[in-house]
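Welcome, and let us walk through this structure together. Take a moment to look at the sequence and the 3D view before reading on.

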Amino acid sequence: MTKKLRTEPRIEDPDDFYAGLISLHEGLDSEQSQSLNSKLILLMANHIGDRQTLDELLALAHSYRPQE
Amino acid sequence: MRGVRQTYPFVKPTELDSPERARAPVIIVGAGPVGMAMGLDLDRHGIRNIILDDDNKVSIGSRAICWSKRVLEIMDRLGCGERMLAKGVQWNLGKVFFGDEKEPVYGFNILEQEDQQFPGFVNLQQYYVEEYLIDEIDRSALTGIRWENEVVAVEQTDAGVTVTIGTPQGEYKLDCDYLIAADGSNSPVRKMLGFEFDGETFQDHFLIADIKMKAGFPTERWFWFDPPFNRGQSALLHKQPDDVWRLDFQLGWDIDREEELKLENISRRIRAMLGESLEFEFEWASIYTFQCRQMDRFVHDRIIFIGDAAHLVSPFGARGANGGLQDVDNLGWKLALVLNDNAPVGLLESYNNERVIAARENVLNSTRATDFITPKSTTSRIFRDSALELAREFEFARRFVNSGRLSVACVLDQSELNVMDSDDFGGDLVPGSPALDAPVTINGEESWFLKTIGKQFTGVYFATDGTQAPDGAAKLEADAIPVKTIVVATGDETETLVDHKGILEKRLDGEPGTYCLFRPDQHLVARWRDFDLQAVRSAVAEATMHTHTTDTT
Ligand SMILES: Cc1cc2nc3c(=O)[nH]c(=O)nc-3n(C[C@H](O)[C@H](O)[C@H](O)COP(=O)(O)OP(=O)(O)OC[C@H]3O[C@@H](n4cnc5c(N)ncnc54)[C@H](O)[C@@H]3O)c2cc1C
């Protein structure tokens, strides 16, 4: 199966987006941040929708788990 | 608290005094809903059997309340479906609440399809279902229950199984060709034989209380996540007949069991949930930890496991008894064919394959629901709560919310007994699906399609001309494994089955000329646009493992 996940640079004005992402969490403790992140992930996941893409994302994320 | 409903007397078995050992084709261990249904199902297939139970009463604790449409259809063939429908409480709405908010996060409707005899679910106390089964068993010449007959040892040889039975008046032995273990989740038979029961126990406790109250709550399934009356935990409210309500409080892992079971403490919980001035009586209360487990294999030569003995699920999704009763439906006709030398032993392997897959599906669904209700980590709980929060606004997030995925009929689409379609078919079924019901008239009387199929292989033929059966239908009826043909008339000739609303034709995609072959458990085997005697015969051979070379390991 050809990969569907796109990892080349795609976001316009990345510095601006990045700053927005960080400022979203300003003043939150880590549990509040985690809660916010989880909502963001669920919303993004639904926006992507495509199961193959989502599975590739999960697999890629899995590769960043700390080694035992 | 409700007392024991009735005790059933121990009757001294004649074998206790007789030096000769009696033999039955089938012995069933356990008179729970699944074991009793098994006895009746074998009765309907003409197989004599004995049901042994170590106890003398029906189940008393708070156990199954939700019975699925498929199970009602199965129970209908055992003579209990209409009683369950008449006594049971019908419901089709569920609501999910979250946190302090009085309004539900969302509601769902389980109504699957209209124009079927049985609804998606009825709620009914398990003891009623068991009593209906006992009534039917009392009428049977081929099956019967021996109360206070405890199986204490089993020994399997090539020729059969010998069972040692303990009774209040001493021990005796019985021989059988096949032993069916329906002895529940702690299955002594499974333990005697040393078989594994792999899976997990959830680190959580649930207080299940059945109370009697005259309350104006609607007949809906209400489920709360993190409500003010049970902070950080879940709760459930569901109606049963006789003004009995099922309440379920999640308690967490570290609890003082004895303290929690004190009636004043349970009352306090109930009043916090339903109102301080609530008047109610206790029916039953107990505390459970839930498990999801299953055996690797359900068939071990001449010993076959069914129901909770073979697979255990948490109640979220009502897949316990509803799963076990589908085991019964699957096994009965196969065992009957094998015992009558009409099919090779390999057919029993298909029970194993089909029901192991079905159990996996039930275990998977129940495990996921329990994980959602009892998150195993902080992160899991955070995601759960986020999904619930988003669910208020977004439909997509509601699909993540899992308070139990309710039992639906198992589609055996991976079964080796199916014949793949060679013609084009639409409609609601695929080979392996259980048939769908439809309103029909038979001899001019209103009835239901599912009442006409089952028990034996049945072909449903959509006539091209009046009520004319296809050439060769009579031959099929005379085969070693007979196939009954039912003709769906083209017009409204009253002497046969008439699809007067056209619903059956739509559900089976039955253009004129179509022939659909159903197994004795009403699952679709094969279908053709034109009747072909040889094709039907080879499909029957396929569905009874006559054409397979099997390796039974
Ligand atoms: C709180 C709760 C809620 C539930 N809700 C639902 C629901 O809504 N829907 C649903 O489908 N399921 C539900 N279930 C599951 C359901 O109760 C079980 O799946 C069902 O009872 C299993 O039936 P069974 O006949 O396999 O086993 P059991 O009912 O456990 O019967 C086993 C029988 O074997 C007998 N026995 C044991 N050992 C021996 C021996 N050595 N010799 C002779 N006899 C023996 C026992 O006495 C017993 O009568 C629920 C369960 C619980 C706990």
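Helices here are DSSP runs of H or I with at least four residues, strands are runs of E with at least two, and both are numbered from the N terminus. This is a predicted model, in which local features need pLDDT of at least 70 and side-chain atom pairs count only at pLDDT 80 or more, while totals for chains, interfaces and linings use all residues. Residues are numbered from 1 along each chain as its sequence is written, chains are lettered from A and ligands numbered from 1 in the order in which they are written, and side-chain values use heavy atoms, with hydrogens and water left out.

How does chain A fill space? Its C-alpha atoms occupy a box of roughly 45 × 35 × 25 Å along the principal axes. The radius of gyration of chain A is 14 Å, whereas a compact globule of 68 residues would have one near 11 Å; this radius is taken over C-alpha atoms, and the globule rule is 2.2 Å times the number of residues to the power 0.38. Of the 68 residues in chain A, 18% count as buried, meaning under 20% relative accessible area, with exposed being over 50% and partly exposed in between (1.4 Å probe, protein chains only). Chain A exposes about 5,900 Å², and carbon and sulfur atoms supply 57% of that.

Now turn to chain B, whose secondary structure comes to 14 helices and 28 strands. The radius of gyration of chain B is 25 Å, close to the 24 Å that the globule rule gives for 553 residues, so chain B is as compact as a globular protein of that length. Its C-alpha trace spans about 70 × 65 × 40 Å along the principal axes, and buried residues make up 59% of the 553 residues in chain B. Contact means heavy atoms within 4.5 Å. Among contacts in chain B with a separation of 6 or more, 72% link residues 24 or more positions apart.

Let us look inside chain B, at helix α2 (residues 69-77). Why is this helix described as largely enclosed by the rest of the structure? Because 7 of its 9 residues are buried. Those buried residues are Lys69(B), Arg70(B), Val71(B), Leu72(B), Glu73(B), Ile74(B) and Met75(B). Their cover includes β3 (66-68), α3 (81-87), β7 (121-123), α4 (126-138) and α8 (320-339) of chain B. Just after α2(B), Gly79(B) takes a positive phi of about 90°.

Two loop residues are worth a visit. Ser415(B) sits in the loop between α11 (395-398) and β22 (439-442) of chain B, and its relative accessibility of 12% makes Ser415(B) buried. A polar atom of the Ser415(B) side chain lies 3.0 Å from the backbone nitrogen of Leu417(B). Beyond its neighbours within four places in sequence, Ser415(B) is in contact with Glu354(B) and Arg519(B).

The second stop is Asp509(B), in the loop between α13 (503-508) and β27 (515-518) of chain B. At 18% relative accessibility, Asp509(B) also counts as buried. Its side chain reaches the backbone nitrogen of Gly426(B) at 2.7 Å. Leaving aside neighbours within four places in sequence, the contacts of Asp509(B) include Asp424(B), Phe425(B), Gly427(B) and Arg529(B).

Methods. Polar contact = N/O pair within 3.5 Å; in protein donor to acceptor, adjacent residues only side chain to side chain. Areas by Shrake-Rupley, 256 points an atom, 1.4 Å probe, with all protein chains shown as cover.
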